[in-house]
Amino acid sequence: MTLPLFFFYIFSAIAVASALMVIASRNPVHSVLFLILTFVNAAGLFMLAGAEFLALILIVVYVGAVAVLFLFVTMMLDVDFASLKQGMLQYAPIGVVVGAIMLIELLLVGGSYVLAPEVASQAVVPIDAGIDNTRALGQLLYTRYVFLFQGAGAVLLVAMIGAIVLTLRHKSGVKRQDIFKQSNRTRAQATELVKVKSGQGL
Amino acid sequence: MQSAITSSDVSSFASLAPAYPELLLAAGALVLLLVALFWKNNRAGVIASAAIVLLVAALAVLLFQPAGGILFNGVFIVDGFARYMKALVLGGAALSVLISLNSGREHGIDKFEYAILILLATLGMMIMVSSNDLMTLYIGLELQSLALYVVAAMKRDDRRATEAGLKYFVLGALSSGMLLYGASLVYGFTGTTQLDRIVAAIALDTRSIGLVFGMVFLLAGIAFKISAVPFHMWTPDVYEGAPTPVTAFLAAAPKVAAMALFIRVTTVSFGSLTHDWQQIVIFLSIASMVLAAFAAIGQNNLKRLLAYSSIGHVGFALVGLSSGTQVGVEGVAIYMAIYVAMTVGIFACVLSLRTADGTLIESVSELGGLAQKRPFVAATMAILMFSLIGLPPLAGFFAKWQVFLAAIEQNLFLLAVIGVLASAVSAFYYLRIVKVMYFDEPTAEFARVPAELNVVMAGIGFLVVTYFVTVGSPLTAAAHSAAGSLF
């Protein structure tokens, strides 16, 4: 048994086991932690397949951002997961059907690579074995498709402006802290000496 | 080693010359956004004026740049057709921002983001017009649509406006899905996303049913954007619900861009499948003309009526395209130019209508007595209505003349006859407005009309009346060379 094969089995076994634990564990926080474990193992599998960029992106984006967000949500929302899980057996047949369809689709996609290996070389941008895939992605995104890349950036900008325009409300009368104003106050502005006659209030 | 496929064909700033108008617009929009953000008081009017200047500057750069060609490794094309359509888009956008300058407050769009989003939407339209690749097409379309969804819902405390925005968004997303599905099939069956290579790939192969399937979905997605029947359901609701300046913008520039996209996809990529898409376009055309003519009759809301009118005009423009010839495309190009001018003029009239106490007038029955109170507005509106019907010697007649001529040359007699009949039916609802304005008793006092609306109405009214002696021949020549660059 070669070393890569050994690691492949380790990663995939842990990935499958932790994926099972995601849906089986009683505590939702544990579920999210198992999800993170699945992501990390999937990243390991990507690394073995030679897709180091995808592996790192998976860790940075999914583990670093998405999973942490999940963790926040499960901790902050008071969701009764026990009641959510009650109908699990009821939905199992549908789940099995969906899973089977996805398995067939995966086999179809993978099968085309096995049956007709020449397909990969006829893509619009054939894979060049000489360069690592981070560099290859960069060359595609920032040179060949630079226009589309910038265009997608403009779309995201519009989405951001739109979200702000449609939701942000400037309420009048809200007291906000203005540190510049605060520290600029002199003693004369802030205090006032008042002579109070005894027995009378202000 | 850098293979040719991963290197860029843009090596210096000068080699970007064909894309200068887009660069100017994008950079200008970003600068305006920053300026508006750091400028404490809300000066929506100043930003809107700056946006008009920017649009006109981009138009000037567009008209005076000689450079054309295919850029960015084949995803972006500048030819005569793109330049013609971009000029229409920029002109329509600039005019529709101009006519909304003074009415931002009462329509709830007096925010600086309005002008910025209009600029970015216009950028999206220019990318659509210049797209030479299914991916560019989609990016441009999304940039345009996303900005328009936001603008339609911008009056967020108004139920109708938010409903319009949401409806537009959901149906727009559905149409994008159909378009993407079609694009993926086309890519799958031809092996390329570049529009001018698709035609070569089709030529090598026998016409496969999967490719036609993909083409149908692609065209259905674009038909949503030009609101051709049966993909028109969103149009009346969105036009009615959105603030009037936004409706004016929606009816003018985006229609041109989507129509340009439709023409480019059908004639360039699927040029060898003309017989297949011709049936689709003929169906869309007949359905749009007939449905709009009958559905508009019962409308009392002015904006809703204009929505059906715009659906009908898309149908008439498609008559030209359904011939599938250069003459037909030339007819559509002329039609879209005249359509944009008439639409902006009509909406300038609608925006100028309000009672003395500031209530907006949006229904036809409230127009009574306009001819006595505001004779100039009534006269302009009447001229534009006659032009929309297509009566000679007004501009609308020549627009219809060109497209029907192209259809008859290709022996599409039935289409032409149905078109003329639909045009006659549509005369009823246009003439009803004229009748109400001139022969009904006044119901309200009308407020004074802002100066820039008077200028726009006078200018467009003049051009529409004197079309044959003034702009007619240069416009025809421009449209002729534009259509020539596609064939």
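## Residues with positive phi

In this predicted model, B:Phe72 is buried, with a relative accessible area of 7%. The residue sits in the loop that runs between strand S1 (69-71) and strand S2 (76-78) of chain B. Its phi is positive, about 55°, although B:Phe72 is not a glycine.

B:Ser227 also has a positive phi, near 50°, and is likewise a residue other than glycine. B:Ser227 belongs to the loop between H8 and H9 of chain B. With a relative accessible area of 0%, B:Ser227 counts as buried because the cut-off for that class is under 20%. As background, most residues other than glycine have a negative phi, and most peptide bonds are trans.

## Cis peptide bonds

The bond from B:Val229 to B:Pro230 is cis, with omega near 5°. B:Pro230 is placed in the loop between helix H8 (209-226) and helix H9 (234-241) of chain B, the loop that also holds B:Ser227.

A cis peptide bond also links B:Pro392 to B:Pro393, with omega near 5°. Here the loop is the one between helix H15 (375-389) and helix H16 (395-409) of chain B, where B:Pro393 lies.

## Packing of H2 and H3

Two packed helices are described by the angle between their axes and the distance between the axes. For helix H2 (residues 44-64) and helix H3 (residues 80-99) of chain B, the angle is about 160° and the axes are 9 Å apart. Angles over 145 degrees count as roughly antiparallel, and H2(B) and H3(B) are therefore roughly antiparallel to each other. Their crossing is left-handed.

On the H2(B) side, the contact is made by B:Ala48, B:Ile52, B:Leu55, B:Val56, B:Ala58, B:Leu59, B:Leu62 and B:Leu63. H3(B) contributes B:Arg83, B:Lys86, B:Ala87, B:Leu90, B:Ala93, B:Ala94, B:Val97 and B:Leu98. By class, the residues of this contact are 14 nonpolar, no polar and two charged.

## Nonpolar core

In soluble globular proteins, nonpolar side chains tend to be buried together. The largest nonpolar core of this model comprises 199 residues. Those with the most contacts inside the core are B:Met85, B:Phe262, B:Phe270, B:Leu318, B:Leu367 and B:Met381. Helix H13 (residues 326-351) of chain B supplies the largest share of the core, 18 residues.

The surroundings of B:Phe270 can be listed in detail. Apart from neighbours within four places in sequence, B:Phe270 is in contact with B:Val186, B:Ile198, B:Ile202, B:Leu211, B:Met215, B:Leu218, B:Val265 and B:Trp277.

Notes. Residues numbered from 1 in each chain as written. Chains lettered and ligands numbered in written order. Predicted model: local features only at pLDDT ≥ 70, side-chain atom pairs only at ≥ 80, totals over all residues. Heavy atoms only, no water. Core = buried A, V, L, I, M, F, W, Y, C linked by side-chain atoms within 4.5 Å. Buried < 20%, exposed > 50% of the residue type's maximum accessible area, 1.4 Å probe, protein only. Helix = DSSP H or I, 4+ residues; strand = E, 2+ residues; numbered from the N terminus. Contact = heavy atoms within 4.5 Å. Axes fitted to C-alpha atoms, helices over the stretch in contact; angles between N-to-C directions. Parallel < 35°, antiparallel > 145°, perpendicular 65-115°, else oblique. Left-handed = near helix turned anticlockwise from the far one by under 90°. Nonpolar A, V, L, I, M, F, W, Y, C, P; charged D, E, K, R; others polar.
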